[in-house]
Amino acid sequence: MHQLPKILVVARHAESVRNVAKAGQVFFPDPEARRGLEGEADHLAGLTDTGREQARALGERLSREFGAFDLVYHSGYRRARETAELAVTAMGSLAPAPTVH
């Protein structure tokens with residue numbers, strides 16, 4: 001019989017190019033902030049260099065604080081997938097493969 005997980009850990013994606021462009025706001029603060037992102041679908045926005053560092057640090061911290069994980073889910077958005085993949089890589093042998101749901 002499969003044992004159910006005892007804890008659920010939820011993490012938001014790391015810093016993305018859209019986070020930076022929106023400067024912490026829900027909407028772009030002005031047309032200049034949107035420049036370079038016109039026509040790019042929201043789900044295709046990737047991580048910044050800082051975001052990639054944050055994702056690796058997340059994986060290291062999750063390993064230290066929680067040990068091994070049974071499952072890793074992400075939304076399928078590029079920034080969420082990149083965060084999950086980098087965190088899992090940083091977790092090393094304690095991490096399962098990320099799953100899209």
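Which residues lie nearest the centre of the largest pocket? I found Val9, Phe69, Leu71, Val72 and Tyr73 there, among the 25 residues that line this pocket. Before going on, I noted that this is a predicted model, where local features need pLDDT of at least 70, side-chain atom pairs count only at pLDDT 80 or more, and totals for chains, interfaces and linings use all residues. Residues are numbered from 1 along each chain as its sequence is written, and side-chain values use heavy atoms, with hydrogens and water left out.

**Entry 1: the pocket.** I wrote down what a pocket is: on a 1 Å grid over the protein atoms alone, an open set of points where a 1.4 Å probe fits, with protein on both sides within 12 Å along at least five of seven lines; lining residues have an atom within 4 Å of a point. The volume of the largest pocket is about 690 Å³, counted as the space filled by probe spheres set on the points, which are joined across faces, edges and corners. I sorted its lining into 19 nonpolar, three polar and three charged residues. Here Ala, Val, Leu, Ile, Met, Phe, Trp, Tyr, Cys and Pro are nonpolar, Asp, Glu, Lys and Arg are charged, and the others, Gly among them, are polar. Helix α4 gives the largest share of the lining, six residues.

**Entry 2: the chain.** I read the pattern α-α-α-β-α-β along the sequence, with four helices and two strands in total. These are DSSP runs numbered from the N terminus: helices are H or I with at least four residues, strands E with at least two. Of the 101 residues, 30% count as buried, meaning under 20% relative accessible area with a 1.4 Å probe, protein chains only.

**Entry 3: Leu47.** I located Leu47 in the loop between α2 (31–34) and α3 (49–66). Why does Leu47 count as buried? Its relative accessibility is 5%. Beyond its neighbours within four places in sequence, Leu47 is in contact (heavy atoms within 4.5 Å) with residues including Ala14, Ala55, Arg79 and Leu86.

**Entry 4: Arg79.** I followed Leu47 to Arg79, 32 residues apart along the chain, and their C-alpha atoms are separated by 5.5 Å. Arg79 sits in helix α4 and counts as buried because its relative accessibility is 10%. Its side chain makes a polar contact with the side chain of His13 (3.3 Å). Such a contact is a pair of N or O atoms within 3.5 Å; within protein, one must be able to donate a hydrogen and the other to accept it, and residues adjacent in sequence count only if both atoms are side-chain atoms.

Definitions and conventions. Buried means under 20% relative accessible area, exposed over 50%, partly exposed in between (1.4 Å probe, protein chains only).
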